[in-house]
Amino acid sequence: MAPNHRISRDQDLEQMQSLVDFTRARLGTEAQSPFGSSVVETETGRLVLRRLNAVRKENDPSSHAEVRTMRAACKRLKKPSLAGHTLYTTCEPCPMCMAMALWSGVDRVVFGATIADASKHCAQIYVSAKQLQQRSDMDCRVEGPVARASCVALFEDPRMVEAMSLWRKSRRMTSKQKPSKR
Ligand SMILES: [Zn+2]
């Protein structure tokens, strides 16, 4: 990224709105999730790719939207670095995703809803993306919330609220039904 290059708030809003549209379009499908993420070229705004959270679909607790997006983007770019790129995400990255963003060398992380917003709907880890960045050697700009209301609306969509309530129930049942090992 050129040192003096500045992304305007409007460009960030446009990128986030496009990501929200992508995420919202999948509500009511098997792939539905309020968590969507995209990797774009910082200078040109060109989209590399975007993904949704697929923890349940892939039975993988690390299949958060940001992890999946950064993994796929690195594979497509055929390098382990996302320098020169910006990570957009409908929700502030959790510590796992933010750590990966730092390791990937993205220039910027731009988020929509905050961890506090998401905590009203599902369990969260309360370390902010900015806190994690400040405790690292990496030079990554963390910006947000951007288009917060549109991102929060993804969590509040009735289809998502219902799905999340069922997931919470199934999680509780699974842990109750599991016999303890002796
Ligand atoms: Zn995460």
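Asn 59 counts as exposed, because 8 C-beta neighbours lie inside 10 Å; a residue is exposed if 12 or fewer other C-beta atoms, placed from the backbone, lie within 10 Å of its own, buried if 20 or more do, and partly exposed in between. Asn 59 belongs to the loop between helix H2 (55-58) and H3. Although Asn 59 is not a glycine, its phi is positive, about 45 degrees. This is a predicted model, in which local features need pLDDT of at least 70 and side-chain atom pairs count only at pLDDT 80 or more, whereas totals for chains, interfaces and linings use all residues. Residues are numbered from 1 along each chain as its sequence is written.

Ala 147 also has a positive phi, near 50 degrees, in a residue other than glycine. Ala 147, however, is buried, with 24 other C-beta atoms within 10 Å. Its place is in the loop between S5 and H7. Most residues other than glycine have a negative phi, and most peptide bonds are trans.

The protein as a whole has eight helices and five strands, which are DSSP runs numbered from the N terminus (helices H or I, at least four residues; strands E, at least two). In sequence order they give the pattern α-β-β-α-α-β-α-β-α-α-β-α-α. The radius of gyration, 17 Å, is close to the 16 Å of the globule rule for 182 residues, so the protein is as compact as a globular protein of that length. The radius is taken over C-alpha atoms, and the rule is 2.2 Å times the number of residues to the power 0.38.

Helices H1 and H7 have axes that come within 10 Å and cross at roughly 10 degrees. They are therefore roughly parallel to each other, a term for angles under 35 degrees. Contact (C-beta atoms, placed from the backbone, within 7 Å) involves Gln 17, Val 20, Thr 23 and Arg 24 of H1 and Ser 150, Cys 151 and Leu 154 of H7.

Note on methods:
Axes are lines fitted to C-alpha atoms, for helices over the stretch in contact, and angles run from 0 to 180 degrees between N-to-C directions. Angles under 35 degrees count as roughly parallel, over 145 as roughly antiparallel, 65 to 115 as roughly perpendicular and the rest as oblique. Two residues are in contact if their C-beta atoms, placed from the backbone, lie within 7 Å.
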